[in-house]
Amino acid sequence: MTAATAEILTAGVLALAVLLACTRLLHGHLRRDRTQHAPRWKLPLLLMAQPLLAALLFFGLFPPARPIAAGVMTVYTAGANPAAADAGTLRIALPEAPANTDAEPAPDIATALRRHPGVRSLRIVGSGLDVRDLDAAGGLPLRFHPASRPIGIAGVQAPTTVAPGNAFRVRGRVAGIEAGTLELLDPAARVIARTPASADGSFALQGVTRSVGAFSFQLRLRDARGQVRDSLPLPLQVIAPAAPRLLVLAGAPDPELKYLRRWALDAGVGLHTRVSVGAGLVLGDAPLALDDASLRRFDAVLLDTRSLQALGDAELRALTRAVRDGLGLLLRLDAPLSPAMRSRLRGWGYVVDAGARNTSVQLANTSQRTAGETALPGLGRTVAAVQAGDALPLLRDVQAQPLAWWRPLGRGRVGLVALTDSYRLPLAGHAAVHARLWSDLLAGIVRSTTAATPAPPAGPIWAGQRALLCGVDEAAAVIAPDGSRTALAIDPSSGVRRCAAFWPRIPGWHRLQARSTQTAFAVLPAGAGLAWQAQRRFDATMALAAQSPTVQATRSATTQRGATWPWLAGWLMLAVLAWWLERRRASPQAR
């Protein structure tokens, strides 16, 4: 049934009701008790009230239409002020808008635009558009009239996965609070880090993970009086990475090799060593041929200058092919380089002039020391002039001079390190610094492995809000914490990104399944991080407004129904007055 048909039927029913009400009043007047005296004006007033009541009720159900600017749509979002709309514009209220807005409700902007195809520009009022509306609003001229800025934790940057025993940093910004203090709580609700927010609201905290699993840390904001003003869960997966496999080639035993072996064993690195001691003798693990098949078993190769010089041509070619195929290679410059070795390095993209001189250097990463430890000892480095146009520093000293370099070679990386006696660090009681040093060097050149699992969605996800999952296939599905399974439909317009939309119903850890692999990701409660949600809507809408065209909206003779409450309020007051007048007792007639 159309709106016009409903209006006609309602008008007919109300007209019949007026006729019946007037007939009842006249019939009652004729059969009244003649001994009771009634004012002469009572019956005419009641008769006139019946059509007025019907008219007020009709206009309360179907308010009169008024002309509006059809080209401009005012969209109320969360935190919108109802008085902020332009007079005579089309007004739409999204689901998160306040309930007291006198506007047409719409589930999203796309639906509102389909209902009103004449809209040429948007006026956003409130905290901004949700992610579901950004695509629909894009391309239209847009003006943003934001509500008051959020108060609380307005932004957070934190990792979603970390290896056990590693530190992780949480950065962010607070808004609307001066002299705020941030606290990081572990899953047992114990404060493990605390810091005041800086003058611009930024902060940084650091925590440490211990065991493998899925955990929920907590970020808490206190004001100057110590009251909690905001809190936010920080879901974190602690995943043990696959241990890298390292092949160590050494031209002779030395203290550096001894402590490198100890570091590798403590770090869980899969280690295979081959140490030449002269006269064709080799110490270490079982003999291993340097060919394509054996090198594919390793993620990185560490060798010194003597072992580089001892490589045969066939071994050198196999090693170069393996690097181009993804293997990482790190060369210790612990001795002068012969012309033949310089030639081999030029084949890897380096021009190196390494003399016989050594100099003392100080590591720049002294912040790794803990309280009460002595200063880091000076270390020896080979004086080497390294030239490579695309080489990047991998390690620097306190004077910002590079101590190690790396450059790409095919799909792999080739690195050089000029330190000659890093073993002095554990001898001086700095085993942790030594471990961190070589872990960083190995991480800089090790073979990159592509995870077999699909990538988790980027950015935070809240329950009840749309999330975008990309890189999925046709068989992908999401498994909720309660075990329910939701199949994903790939949006054809996403192209090679292969994205699908997902609306989580409940918070907690979900699993993105693609074929036989699963990737866990967290969904935050809908009421968590309200200031962060508001800030994200604000930033996204501001960016959309900055990119929107400046075409002016056209005006047309489109109409929109007015407010219903004035007509219904008038009907209610007149109905009460008529009821009181009709029930008012007549005075006895004098005889």
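Predicted model: local features only at pLDDT ≥ 70, side-chain atom pairs only at ≥ 80, totals over all residues.
Local features need pLDDT of at least 70 and side-chain atom pairs count only at pLDDT 80 or more, whereas totals for chains, interfaces and linings use all residues. Residues are numbered from 1 along each chain as its sequence is written, and side-chain values use heavy atoms, with hydrogens and water left out.

**View A. Salt bridge between E104 and R115.** A salt bridge is counted where a side-chain nitrogen of Lys or Arg lies within 4 Å of a carboxyl oxygen of Asp or Glu, and the closest N and O atoms of E104 and R115 are 3.1 Å apart. E104 belongs to strand 5 (residues 104–105) and R115 to helix 3 (residues 109–115), eleven residues apart; helices (H or I, at least four residues) and strands (E, at least two) are DSSP runs, numbered from the N terminus.

**View B. Salt bridge between E183 and R222.** Here the closest N and O atoms are 3.2 Å apart, and the pair links strand 11 (residues 181–185) with strand 14 (residues 213–222), the two residues being 39 residues apart. E183 is buried at 4% relative accessible area, while R222 is partly exposed at 22% (buried means under 20%, exposed over 50%, partly exposed in between, with a 1.4 Å probe and protein chains only).

**View C. Salt bridge between D325 and R411.** The N to O distance is 3.1 Å, and because D325 lies in the loop between helix 8 (313–324) and strand 20 (328–332) and R411 in the loop between strand 24 (402–409) and strand 25 (412–417), the pair ties together parts 86 residues apart in sequence. D325 is partly exposed at 35%, whereas R411 is exposed at 62%.
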